Amino acid sequence: MKLQGTMRINEAGHLEIGRVDTLDLVREFGTPLWVLDEEVFRENCRKLKEAFASAGDSQVLYAAKALCTKAICILVKEEGLGLDVVSGGELYTALAVDFPVEKIYFHGNNKTPEEIAMAVKNQVGVIVVDNFYEMELLNRICQREGREQKIILRISPGIEAHTHEYIKTGQIDSKFGFTLPTGQALEAVKRLKDFPFLIYAGLHCHIGSQIFEMESFAHTAEVMMAFVARIKKETGLETTELNLGGGLGIYYYEGDTPAPPEAWVQAVMPCVKQKAAEYGVPVPRVLVEPGRAIV
């Protein structure tokens, strides 16, 4: 197995992580033991942030489900990334370290009323709406709290990325989001007029994890931009944010060949700009949500 980041075998034949002998860590903390190299974590944040920023209006969000602790949220905040949370527990952890609420995106296909209320009361920046029930519930809670809420709609675009069967989330039969090929996604957009406390900002999709072929990301961007144009044509709504999810593959086994952040950027950013020009719509801000690719 290839050693990653700052890992190396030292002169004593021991594994080192971040220039610390792991046997010393074991003596102090016992086993089992999880070790995180802060230097590598920060470097990964910076590489992704700088790569996307160099190509246009963008925001990298750290997917907290990969690992969510107070220390991690502090690192993410210090590196200037946004945060993607999927539960009340993750939201609580972020709030506990004063993470900027305007940069928190609250995901999840099974949010409880209490979790949604928690997000609204704390003025979380964006809630990613996953289904019609949640749309109605969120509007009701916002009305009760006397607050409007910025949202983006999670879309299942009907794309099957070349990844493991159990971590595909963009295909038609996915349990996540409004399905695009069946017309459900457009129906969701049109129904927003019935929910005055919800402010439409854009769209979200996530086609899976451990993706090594950048063509999958490029195709997703094309499909989503076509939908952006259709929304503008049929409803007049402008999509200001396009969240293309995460899924950038990392090294687990021999033969895994992760792409650098720049390859991900080149797969999606020029495509979004080209399609915006082609369809005559404004270029949306592009967001991505790497998790394991950072941690």
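## Strand pairing and a helix contact

Strands here are DSSP runs of E with at least two residues, helices are runs of H or I with at least four, and both are numbered from the N terminus. Two strands pair if DSSP finds at least two bridges between them.

This is a predicted model: local features need pLDDT of at least 70, side-chain atom pairs count only at pLDDT 80 or more, and totals for chains, interfaces and linings use all residues. Residues are numbered from 1 along each chain as its sequence is written, and side-chain values use heavy atoms, with hydrogens and water left out.

### Strand pairs

Strands of a sheet pair through backbone hydrogen bonds, either parallel or antiparallel.

| Pair | Sense | Bridges |
|---|---|---|
| S2 (residues 15–17) and S3 | antiparallel | 2 bridges |
| S6 (residues 104–106) and S7 | parallel | 2 bridges |
| S8 (residues 149–156) and S10 | parallel | 6 bridges |
| S10 and S11 (residues 241–243) | parallel | 3 bridges |

Glu16 stands opposite Asp21 in S3. Tyr105 faces Val126 in S7 as its opposite residue. Ile151 has Tyr200 of S10 as its bridge partner. Leu203 stands opposite Leu242 in S11.

### Burial

Buried means under 20% relative accessible area, exposed means over 50%, and partly exposed lies in between (1.4 Å probe, protein chains only). Strand S10 (residues 198–204) is mostly covered, with 6 of its 7 residues buried. Strand S7 (residues 126–129) is covered on both faces. Val126 and Val128 are buried on one side, Ile127 and Val129 on the other.

### Helices H2 and H9

Helix H2 (residues 38–53) and helix H9 (residues 261–279) have axes that come within 9 Å and cross at roughly 30°. Axes are lines fitted to C-alpha atoms, for helices over the stretch in contact, and angles run from 0 to 180 degrees between N-to-C directions. H2 and H9 are therefore roughly parallel to each other. That label covers angles under 35 degrees; over 145 is roughly antiparallel, 65 to 115 roughly perpendicular, and the rest oblique.

From H2, the contact (heavy atoms within 4.5 Å) takes in Lys47, Leu48, Ala51 and Phe52. From H9 come Pro261, Glu262, Trp264, Val265, Val268 and Met269. By class, the contact has 8 nonpolar, no polar and 2 charged residues. Nonpolar covers Ala, Val, Leu, Ile, Met, Phe, Trp, Tyr, Cys and Pro; charged covers Asp, Glu, Lys and Arg; the others, Gly among them, are polar.
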